[in-house]
Amino acid sequence: RFIKAEETIQVRNIELAETKEELKKLNIQLEQHNKELEQTYEKLVVSEEIFRQLAENTNDMFWLRDEKRIIYINNQFETIWGRKKEELIENPERMREWIHPEDLGNVEPCLNISSLPREGPYIERYRIVRPDGQFRWIWSRIFPVANKEGKRYRMAGIASDITEQKEFEDALLIAKEKAQESDMLKSTFLANISHEIRTPMNGIIGFAELISREEIDEVSRKSYVSIMKKSSEQLIRIIDDIIDFAKLEAN
């Protein structure tokens, strides 16, 4: 019995030593895992700080959300929209109230995340109405964010205030339309002028030919000369009008 008991104790000591060794290995693995977690956390903190620095120092509004709530929105929202970002965070549906009624139909997919295409980006231009009644043009770009399985679980968006650019584009369009109208008027003017010049010129040339004939009497000759003089005066007035028009064109 004594020998058996001693053998049992030895076996248990061996098992205990093996267990301690396994625990030691597990403890080393756990410490390594904790160290990796700490490093990952530190990287996340640094990444988040870099992200915040970028997001808060840009002229664009940046946001991140899932289907139910807004996770992050930078301060540029308040500059562009003229409203507190807490208003939007508390109730994302309020965005509908701030979009120009004429543009709301086009922007509806931006407000309903589930209806957006699975693969982005989704791009749209629309107007917002600030609290002071001022309209601002927004250029919105929305991008899907996928998880490790490749499924979309969030959406990120960038919104830029392009009001000045839009006003410049509108001014260019108006200038283009005015230039086209001016070209059309110029063409009409030149067509009319051509006709107006032809009329007195025909009178001058025609009666000059008649005067050159020897068989006409003096009374007819004087009448033809008078007609030629009037036609010449008419032609001079037309030429003066053309010169005045050219001066206007040259400012």
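## Nonpolar cores

The largest nonpolar core in this predicted model has 20 residues, of which M61, F77, W81 and M95 touch the most other members. Such a core is a set of buried Ala, Val, Leu, Ile, Met, Phe, Trp, Tyr and Cys residues joined through side-chain atoms within 4.5 Å, where buried means under 20% relative accessible area (1.4 Å probe, protein chains only). Two or more residues each come from β1 (61-65), β2 (70-73), α2 (76-81), α4 (95-98), α5 (104-111), β3 (122-129), β4 (135-146) and β5 (152-161). Another core, of six residues, lies apart from this one and includes I216, Y224, M228 and L235.

Beyond its neighbours within four places in sequence, M61 has contacts (heavy atoms within 4.5 Å) that include I73, F77, W81 and I158.

## Helices α6 and α7

Helix α6 (residues 163-211) packs against helix α7 (residues 218-249) at an angle of about 160°, and their axes are 9 Å apart. The two are therefore roughly antiparallel, a label for angles over 145 degrees. Their contact has 18 nonpolar, five polar and four charged residues.

## The whole chain

Seven helices and five strands make up the secondary structure of the chain; these are DSSP runs, with helices (H or I) of at least four residues and strands (E) of at least two. Their order along the sequence is α-β-β-α-α-α-α-β-β-β-α-α. Of the 251 residues in the chain, 24% are buried.

## Basis

Residues are numbered from 1 along each chain as its sequence is written, and side-chain values use heavy atoms, leaving out hydrogens and water. Local features need pLDDT of at least 70 and side-chain atom pairs count only at pLDDT 80 or more, while totals for chains, interfaces and linings use all residues.

Note on methods
Buried < 20%, exposed > 50% of the residue type's maximum accessible area, 1.4 Å probe, protein only. Axes fitted to C-alpha atoms, helices over the stretch in contact; angles between N-to-C directions. Parallel < 35°, antiparallel > 145°, perpendicular 65-115°, else oblique. Nonpolar A, V, L, I, M, F, W, Y, C, P; charged D, E, K, R; others polar.
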